[in-house]
Amino acid sequence: MNLKKIIIALDSDNINDTLAIVKSLKNEAFAFKIGYEFFLNFGISGYKAIKKENANIFLDLKLHDIPNTVASGIKAIAKLDPYFTTIHLSGGDEMQKISSYFKSNTKILGVSILTSLDSKQTKKYYNNNNVEEIVSNFAKNALINKLDGIVCSPQEITIVKKITQNKLIIVTPGIRPVNYQDSKDDQKRVMSPKDAINAGANYLVMGRPITKSTNPLKSLQSINSSLE
């Protein structure tokens, strides 16, 4: 049984600092998330430098386009063999289905509602201020369209778990240790690591609370201990 639950977000524009973080944390983390900042700065060569450390990679590019374009993107991503990659569920049924068809060994996660959005923003852009209702509908369709998992905020974990009955992997960003404070934090719907796992999340995405701490390894070990 794999007890590692934390995915480290590598939000950095410094390749050397990033590699140092990966080398330090790889034995304690489940995977490392590569998003836009890292990938657009360092590209495939940067990706391969992380992969060389024998680490699971979550390539978080959140594809969102017409089905054929996304299919081409997924085929290219599959060659890199990340553990996870992401698409936006709002791209529709055909986009979801075709993503799953071309995934190879990579697990496709559907992004529901970004954790930076609150009910006012979902009312404006989804014409619905009930975030749980929107995410519930996304979860049902992700299941129907045979995706591997869903990305949702901690506050929707319980309802997604009830709908999917362990048939979708739940990956949750917006995780903040108790008493964590950051003036630059743009997450709106957050929860502590232990509460998120207890609610039913399979993996937790964490960046700054670990990577920007004075001792990243100690911070991660402390979080891991709290989940035991």
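The model is predicted, so local features are reported where pLDDT is at least 70 and side-chain atom pairs only at pLDDT 80 or more, while totals for chains, interfaces and linings use all residues. Residues are numbered from 1 along each chain as its sequence is written, and side-chain values use heavy atoms, with hydrogens and water left out.

Helices (H or I, at least four residues) and strands (E, at least two) are DSSP runs, numbered from the N terminus. Two strands are said to pair if DSSP finds at least two bridges between them. Strand E1 covers residues 6-9 and runs parallel to strand E8 (residues 203-206), with three bridges joining them. Within this pairing, Ile7 has Val205 in E8 as its bridge partner. E1 is also joined to E2 by three bridges, again in parallel, and here Ala9 stands opposite Lys33 in E2. Strand E2 (residues 31-34) in turn pairs with E3 in the parallel sense, over three bridges. In that pairing, Phe32 has Ile57 of E3 as its bridge partner.

How enclosed are these strands? Accessible areas come from the Shrake-Rupley method with a 1.4 Å probe, and for residues only the protein chains shown count as cover. Strand E3 (residues 57-63) is largely enclosed by the rest of the structure, because six of its seven residues are buried. Strand E1 is covered on both faces, with Ile6 and Ile8 buried on one side and Ile7 and Ala9 buried on the other.

Charged side chains come next. Side chains of opposite charge can pair when their charged atoms come close. A salt bridge is counted when a side-chain nitrogen of Lys or Arg lies within 4 Å of a carboxyl oxygen of Asp or Glu. Searching the whole structure gives six salt bridges. In one of them, Lys26 is joined to Glu53, with the closest N and O atoms 3.0 Å apart. This pair links distant parts of the chain, 27 residues apart: Lys26 is in the loop between H1 and E2, and Glu53 is in the loop between helix H2 (36-51) and E3. Lys26 is partly exposed, with a relative accessible area of 27%, whereas Glu53 counts as buried at 16%.

Another salt bridge joins Asp81 and Lys51, whose closest N and O atoms are 4.0 Å apart. Here too distant parts of the chain are linked, 30 residues apart, with Asp81 in the loop between helix H3 (67-80) and strand E4 (84-88) and Lys51 in helix H2. Asp81 is partly exposed at 35% relative accessibility, and Lys51 is partly exposed at 28%.

Lys62 and Asp60 also form a salt bridge, with 2.7 Å between the closest N and O atoms. Asp60 is buried, with a relative accessible area of 6%, while Lys62 counts as partly exposed at 22%. Both belong to a network of salt bridges that also includes Lys33.

Which residues gather in a patch of negative charge on the surface? They are Asp11, Asp13, Asp17 and Glu37. Patches are made of residues with over 30% relative accessible area and no salt bridge, and like charges are joined within 9 Å. Lys and Arg count as positive and Asp and Glu as negative, with His and the chain ends not counted.

Most residues other than glycine have a negative phi. Lys146, although not a glycine, has a positive phi of about 65 degrees. Lys146 is in the loop between helix H6 (131-144) and strand E6 (149-151) and is exposed at 63% relative accessibility. Asn166 has a positive phi as well, near 70 degrees. Its place is in the loop between helix H7 (157-164) and strand E7 (169-172), and Asn166 is exposed, with a relative accessible area of 60%.

Notes: Patches are made of residues with over 30% relative accessible area and no salt bridge: like charges are joined within 9 Å, nonpolar side chains (Val, Leu, Ile, Met, Phe, Trp, Tyr) within 5 Å. The place of a charge is taken as NZ of Lys, CZ of Arg, CG of Asp or CD of Glu. Buried means under 20% relative accessible area, exposed over 50%, partly exposed in between (1.4 Å probe, protein chains only).
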